[in-house]
Amino acid sequence: TFAPRPQICFIYQKRAVFWLGICFIPFYVRINDIKKEDKRIHKMNDYIARFRVNDFEKQELKEHIREVQKLAAAMGKRVDLRRTVSSKELHSDKKATLENTLSLVGLLHDFGKYSIKFQRFIHEEWRRAKEGIESKRQSGIDHGVYGAKYIYDLSGKYGPNGRIVGELLANVICYHHGGLPDAEDFNGDSPLLMRLQDENRLTDYEQVKVAFFKDLQITEQEIEQLFKESIEEIKLLILKSSTGSEEKNKRKNDANFMPNLFIKLIYSMLIDADRLSSMCYETGEDFASYEKAQDEIQMTWKVYKQKFEEYLSGLQKKSETLEDTSKKRVNAIRQRISEECFEAGRKESGIYTLTVPTGGGKTLSSMRYALEHSERTNKERIIFVLPYTTIIEQNAKVIREVLGENCDLLEHHSNAT
């Protein structure tokens, strides 16, 4: 009576194996496809940063990294550290900018996108887009932590100063997509170190490092040299503030606050460079045109200075034809104020005041100073900060009258359209 049971059980087992096979085969094939794709990416160095949705063109990861590095370094080069230290600490002929620091963070910011997990995701998104499948998926890959780990580990070789610099740069790299935290939380823990010590985030770190150096064709010695130069730059800006006997109490406060300002400074520069590179690729604009634009700034100042001087010359001629002696006297005072502002534009960068009564020509005089100073000191922007929108509009109207309606003037206030 019990004989059929083994037979029935056997049939059930066969069916189970059959259905398990049906379910398992596609999964097995998919795993094999993924492995083949991973090998292809490594073999062909097909590492990409993004793709354009309109034509599915891929941007090479190394191209994006180099663009960001170049633009970030250019921004850092314009930070003049000589104004932050005394003449005793810096010879006049010594290079003192943040060029190497920004070059370094630009180079390492997308280090983690060489993770095969990220590359698998971005290539899959590219295929889905080509097939017309709308996707709003997030990669879930913490790619910022890879470059942060690399620079933090490297910094351990350079003593206390190196460790301070390493932690500052690691914060910027790790959180360059947002969420920059405090150095410590309420429990006294470092969010950065907790992130770096999370092994689940860095399971393929060594593979990522190999791919990064191979694709960019650089050596660890080159990055190490950049880091050493970065230490020297940051010492001028931050670490020097905590040493020295002169003005020790005042500079001790500076030393406590300066790292916060420094992180925000290079953080914003890195994000600006990163987004500009991405924007250029998405819109099809030539990234090189932005580099060229930096070189054209000096020519712009020359053109605007010429227009300004021609306008002032016209005012002077009109003043000479006036019959009203009181108006002539006022115009002569305005002219003298204008000349003094022009001469002041040749001084070193610093904080200056212009105290002139209403009607004394402050708008034109201060603009004349700004144009002269900007050309001489390679400044990129002239910024007017004023307390009322009506005064902003009034000043903007005057400057457009002088430089032309299509000049490079941007009004930023609630009435601007």
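1. A residue is called buried when its relative accessible area is under 20%, exposed when it is over 50%, and partly exposed in between, with a 1.4 Å probe and protein chains only. At 52% relative accessibility, Asn-378 therefore counts as exposed. The structure under discussion is a predicted model, in which local features need pLDDT of at least 70, side-chain atom pairs count only at pLDDT 80 or more, and totals for chains, interfaces and linings use all residues. Residues are numbered from 1 along each chain as its sequence is written, and side-chain values use heavy atoms, with hydrogens and water left out.

2. On the chain as a whole, the secondary structure comes to 14 helices and two strands, where helices (H or I, at least four residues) and strands (E, at least two) are DSSP runs numbered from the N terminus. Of the 417 residues, 39% count as buried. The accessible surface comes to about 25800 Å², and carbon and sulfur atoms account for 54% of it; areas come from the Shrake-Rupley method with a 1.4 Å probe, and for residues only the protein chains shown count as cover. Taking a contact as heavy atoms within 4.5 Å, one finds that 71% of the contacts between residues at least 6 apart in sequence join residues at least 24 apart.

3. Among the buried residues of H13 are Arg-368, Glu-372, His-373 and Glu-375, together with Met-367 and Leu-371.

4. Most residues other than glycine have a negative phi. Phe-56 is a further case, with a positive phi near 65 degrees; Phe-56 is placed in the loop between S1 and strand S2 (58-60), and at a relative accessible area of 27% Phe-56 is partly exposed.

5. Helix H14 (residues 389-403) also deserves a comment: its 15 residues reach 21 Å from the first C-alpha to the last, close to the 21 Å expected at 1.5 Å a residue. The buried residues of H14 are Ile-392, Asn-395, Ala-396, Ile-399, Arg-400, Val-402 and Leu-403. They cover an arc of only 155 degrees around the axis, which puts them on the same side of H14, the arc being that of the directions from the helix axis to the C-beta atoms. On the other side of H14, Thr-390, Gln-394, Lys-397 and Glu-401 are exposed. Gly-404, which follows H14, has a positive phi near 110 degrees.

6. The second largest pocket has a volume of about 690 Å³ and a lining of 28 residues, of which Phe-51, Phe-121, Ile-122, Glu-125 and Arg-137 lie nearest its centre. A pocket here is an open set of points on a 1 Å grid over the protein atoms alone, where a 1.4 Å probe fits, with protein on both sides within 12 Å along at least five of seven lines; lining residues have an atom within 4 Å of a point. Strand S1 (48-51), helix H4 (116-130) and helix H10 (248-283) each supply at least two lining residues, and the largest share, six residues, comes from H4.

7. Lys-113, in the loop between helix H3 (99-108) and H4, counts as buried at 6% relative accessibility; leaving out residues up to four places away in sequence, Lys-113 touches Ala-49, Arg-50, Leu-61, Phe-118, Gln-119 and His-143. Asp-142, in the loop between H4 and helix H5 (144-155), is buried with a relative accessible area of 13%, and on the same exclusion Asp-142 touches Arg-195 and Arg-201. Asp-204, in the loop between helix H7 (191-196) and helix H8 (205-216), counts as buried at 12%.

8. Beyond its neighbours within four places in sequence, Asp-204 is in contact with Ser-115, Ile-116, Lys-117 and Tyr-146. Asp-204 and Lys-117 are 87 residues apart in sequence, while their C-alpha atoms are 8.8 Å apart in space.

Notes
The expected span of a helix is 1.5 Å times one less than its number of residues. Grid points are joined across faces, edges and corners, and a volume is the space filled by probe spheres set on the points.
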